[in-house]
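Subject: Structure handover

Hello,

Please find the structure below. My notes on it follow.

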Amino acid sequence: MKTKLISMLLLLSFIISCKKDEQSNLKSIPTQVTDTSKNLSLAQVKDWYGENVNAISNVNNLNAISTTGIKKSFNYSTLTFSWDNLQSVSNNKGNYWIGYLGGQPTFKKVKQGYRKIAFMKDSTGEIQSRILEIIPDGLYYQLKQKVTKADFTGRIFIYDQQYNLVGGQVFSAGKQIGLIKPKALNSTTSSTLTNSASTNSKARTDEVSVSQDCEWNDDNYIDGNGEVTIYSELDCTYSIYDDGGGGGGGGGDLSGSTDGTGGGGGAAASAPAMSNLPGQDSPSIDPKAFMICFGSLPDIGSTTKITVYVQEPFPGTSFNIGPNSVGHVAIGLTKTNNGTTVTQVVGYYPNATGMSKFSAPSKISDNGGDLAYDVSATYTVIPSEFNQIVNYISNPPTNYNLISFNCTNFVYNACLAGGITLPDPNTQLMFGAAQTMTPGALGTNINALSGMAGINTNGGTTPNSKGACN
Amino acid sequence: MKAKKIIYIIVIAICISNLPIFNFFAQEDFTYSNADRSFTYSEEGGKGKSFWGCQRKYGYFLCQHPDKDQGDNNLYRTFTIKPWRFWEWYQMIFHHDRFSLPYLNSNDK
């Protein structure tokens, strides 16, 4: 009996001990399979890479919409990078490993930017890799000479490990301003690539309304794998309408604006007298003091016109440089009511000297009566559109840049604020590396409209501006 | 022979530097004013604002302000002449009228 009892206890203890092992095995297996711990070690990455490097490939059409049926392929093992250069970056989900990758994208026909490879865990704990193509804006890179996260301007394309585009972001001065997504496959525009869809929204405060205009545009570039990638990019522009009334009546800034919550504005039948302040004809002007003059005429019954004056660099040609150096574009605004006319002609300039003019703080100058222009285009607008242009000029962009935002951009955007689309002022500089708006291109395209109403290709001198109003 | 070559190179360099295509960056923004500085003007080299425009603007200014046309109604240059600026020699030779204006020190009150 005693022997039997001991045998039973031994068997029982053996069974329990076996179950213990089984339990501990069951516990350890899930931690291996679904390890969602946030830390990712380099050893784990290397193991994953070793197991998957030859297994990951893509023989389907990649990011281009093939019209020829040619299959384009990608093999993960062709990516070249150094393990020593991988760096761990922490974020709120744990960490990921990132390092430079060989190969370079071709954007706007120029090899530029660089590639990176990243390894991270997804929500299930599986290790994934992503390929990033980082393309800084050409002008940003030219000015800064290095890329920093704080002020990055450019595009980042994100590819999965099969080199399929999964998305991306567009940045300006370190802030995200747009999105990138793969182009929809059912689109038929494989050659023109000008498909677009736009959305528009407005936000408003007591004195300022912000208008957001977003548009999906299709474009393409050659990725670091050497294949054409067609993508859609969401670009947003924001325009700020400053009522500036500060509440209450009087003041009469931009009376009758469609957005107008500003002062009621006087219904004066005549414009205020010319001010006679010392320095009123100073080289740079206060655009608000010039634009406020239009508030003295009521919108109802007014005729409002916008004229764009172009002094071409090399008159009669599309050259962007010539006897008139880089040329100039000015904008003239005319409001007529009951026989009284107010005209202001202004232009956008760098507030600097010498080479600093390339990129400098901006200033607005009076171009009335002193600009010998070669061509001009006149548009009749309704008062509400006119007021939008007045408002844009009253609050001009603060930075001038000869390439990215010059006098032509200023006039083009001012007109756009009032619903006028000028003839295309864009031209390619430096073998297609940079596209910019120039007086030469605008002048050429206005010249091409010769004979149409409002187009003057005989040149002349800008009318005198009324000047600042008290 | 070598000296002749150097002289040629210098002359060509000076000629090229005086081409108007460089005005935007190279040419000084010449400034002007009337006696009491109620009128001031600044050229913008290569950007449409020239001495010709200045004269037009000053004429218009005097029409608008007849009181300023009394007494000293001269237009003054407020920039100093810098003859060493070889890239402006073309302007000094062929557009010397702006350099012939009487000088008004911009620091004078």
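What share of the 109 residues of chain B count as buried? The figure is 41%, where buried means under 20% relative accessible area, exposed over 50% and partly exposed in between, with a 1.4 Å probe and protein chains only.

Conventions first. This is a predicted model, so local features need pLDDT of at least 70 and side-chain atom pairs count only at pLDDT 80 or more, while totals for chains, interfaces and linings use all residues. Residues are numbered from 1 along each chain as its sequence is written, chains are lettered from A and ligands numbered from 1 in the order in which they are written, and side-chain values use heavy atoms, with hydrogens and water left out.

Confidence

The mean pLDDT of chain A (the predictor's confidence in each residue, from 0 to 100) is 75, and 69% of the residues score at least 70. Within chain A, helix H6 (residues 407-417) has the highest mean, 95, and helix H1 (residues 2-33) the lowest, 45. The pLDDT is below 50 over residues 10-35 of chain A, a stretch with 5 contacts beyond near neighbours in sequence; a contact means heavy atoms within 4.5 Å. Residues 66-70 of chain A are also below 50, with 3 such contacts. Where pLDDT is low, the predicted coordinates should not be read in detail.

Chain B

Chain B has 4 helices and 3 strands, in the order α-α-β-β-α-β-α along the sequence. Of its contacts with a separation of 6 or more, 56% are between residues 24 or more positions apart. Its accessible surface is about 6,300 Å², 64% of it from carbon and sulfur atoms; areas come from the Shrake-Rupley method with a 1.4 Å probe, and for residues only the protein chains shown count as cover.

B:Tyr8, B:Ile12, B:Ile16, B:Leu19 and B:Phe22 make a nonpolar surface patch of about 480 Å². Patches are made of residues with over 30% relative accessible area and no salt bridge, with like charges joined within 9 Å and nonpolar side chains (Val, Leu, Ile, Met, Phe, Trp, Tyr) within 5 Å. B:Ile16 belongs to helix H1 (residues 2-17) of chain B and is partly exposed, at 43% relative accessibility.

Salt bridges

There are 11 salt bridges over all chains, each a side-chain nitrogen of Lys or Arg within 4 Å of a carboxyl oxygen of Asp or Glu.

- A:Glu233 with A:Arg155: the closest N and O atoms are 2.6 Å apart. A:Glu233 is in strand S14 (residues 228-242) of chain A and A:Arg155 in strand S9 (residues 154-159) of chain A, so the pair ties together parts 78 residues apart in sequence. A:Glu233 is buried, at 5% relative accessibility.
- A:Lys363 with B:Glu44: 2.8 Å, N to O. This pair crosses between chains, from strand S18 (residues 359-366) of chain A to the loop between strand S2 (40-42) and helix H3 (51-64) of chain B. A:Lys363 is buried at 12%, and B:Glu44 at 2%.
- B:Lys49 with A:Asp370: the closest N and O atoms are 2.8 Å apart. This pair also crosses between chains, from the loop between S2 and H3 of chain B to the loop between S18 and strand S19 (372-373) of chain A. B:Lys49 is buried at 4%, and A:Asp370 at 0%.

Regards

Definitions and conventions: Helix = DSSP H or I, 4+ residues; strand = E, 2+ residues; numbered from the N terminus.
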